[in-house]
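Take a walk through this structure with the sequence at hand.

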Amino acid sequence: MSDTDNPALTNAPQMYVHYCEEEGCKEWGGWGNSQSPAVPTRWWCFEHFPHKSYEQGQALRRKIEAAERESVVR
C-alpha cells in the first residue's frame, strides 16, 4: 500500500479541540476514552484522566508535589 493508492483529499483536515470534562478545568483534553465505537469519546487533561497506569499516576504525584514544594520556597 502506498500514498498513491489513496484518493486526494477534497477537504482540508479538521482539527477538533477537546477540553477536559472535569468540572471547572479549562485544560486541553488530550486524553480520550470510549467504551466502544457506539459510545461518544470523553476527553480529559492528563491530571484528571481516570485511566492512568500506576506508573503514570506516580509520575503525576511527584510532579504535583515538586510544584507545591517550589511554591512554598518562593
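Is arginine 42 buried, partly exposed or exposed? The model is predicted, and in it arginine 42 has 43% relative accessibility, so it counts as partly exposed. The cut-offs behind that label are under 20% for buried and over 50% for exposed.

Stay with arginine 42 for its partner. Side chains of opposite charge can pair when their charged atoms come close. Here the side chain of arginine 42 meets that of glutamate 21 in a salt bridge, 2.8 Å from N to O. This pair links distant parts of the chain. How many salt bridges does a search of the whole structure find? The search finds one.

Now turn to the rings. A pair of aromatic rings is described by the distance of the centres and the angle of the planes. The structure holds three aromatic pairs. One of them joins tryptophan 31 and phenylalanine 49. Their ring centres are 5.4 Å apart and their planes meet at 40°, so this pair is tilted. Where do the two partners lie? Tryptophan 31 belongs to strand 1 (31-33). Phenylalanine 49 belongs to the loop between strand 2 (42-44) and helix 1 (54-73). The pair therefore ties together parts that are 18 residues apart in sequence.

The two partners differ in cover. Tryptophan 31 is partly exposed, because its relative accessibility is 35%. Phenylalanine 49 has 10%, so it counts as buried. Phenylalanine 49 also forms an aromatic pair with tryptophan 44. That pair is edge-to-face, with 5.8 Å from centre to centre and 65° between the planes. Tryptophan 44 is buried too, because its relative accessibility is 7%. Which residues make up the aromatic cluster? Trp31, Trp44, Phe46 and Phe49 form one cluster.

Next comes the surface. Glu22, Glu23, Glu27 and Glu47 gather there in a patch of negative charge. Glutamate 22 lies in the segment before strand 1. Glutamate 22 counts as partly exposed, because its relative accessibility is 38%. Membership of a patch calls for over 30% relative accessible area and no salt bridge.

The surface also has a nonpolar patch. Met15, Val17, Tyr19 and Trp28 make it, and it covers about 530 Å². Tyrosine 19, like glutamate 22, is placed in the segment before strand 1. Is tyrosine 19 buried or exposed? With a relative accessible area of 52%, tyrosine 19 is exposed.

Some spans complete the tour. Lysine 26 lies in the segment before strand 1. Lysine 26 is exposed, because its relative accessibility is 72%. Between lysine 26 and cysteine 45 there are 8.9 Å, C-alpha to C-alpha, and the two are 19 residues apart in sequence.

Glutamine 35 takes part in two further spans. This residue is in the loop between strand 1 and strand 2. Glutamine 35 counts as exposed, because its relative accessibility is 68%.

Technical notes. Residues are numbered from 1 along each chain as its sequence is written. This is a predicted model: local features need pLDDT of at least 70, side-chain atom pairs count only at pLDDT 80 or more; totals for chains, interfaces and linings use all residues. Side-chain values use heavy atoms; hydrogens and water are left out. Patches are made of residues with over 30% relative accessible area and no salt bridge: like charges are joined within 9 Å, nonpolar side chains (Val, Leu, Ile, Met, Phe, Trp, Tyr) within 5 Å. Accessible areas come from the Shrake-Rupley method with a 1.4 Å probe; for residues, only the protein chains shown count as cover. A salt bridge is a side-chain nitrogen of Lys or Arg within 4 Å of a carboxyl oxygen of Asp or Glu. Lys and Arg count as positive and Asp and Glu as negative; His and the chain ends are not counted. The place of a charge is taken as NZ of Lys, CZ of Arg, CG of Asp or CD of Glu. Helices (H or I, at least four residues) and strands (E, at least two) are DSSP runs, numbered from the N terminus. Buried means under 20% relative accessible area, exposed over 50%, partly exposed in between (1.4 Å probe, protein chains only). Rings of Phe, Tyr and Trp (its six-membered ring) pair if their centres lie within 6.5 Å; planes under 30 degrees apart count as stacked, over 60 as edge-to-face and the rest as tilted.
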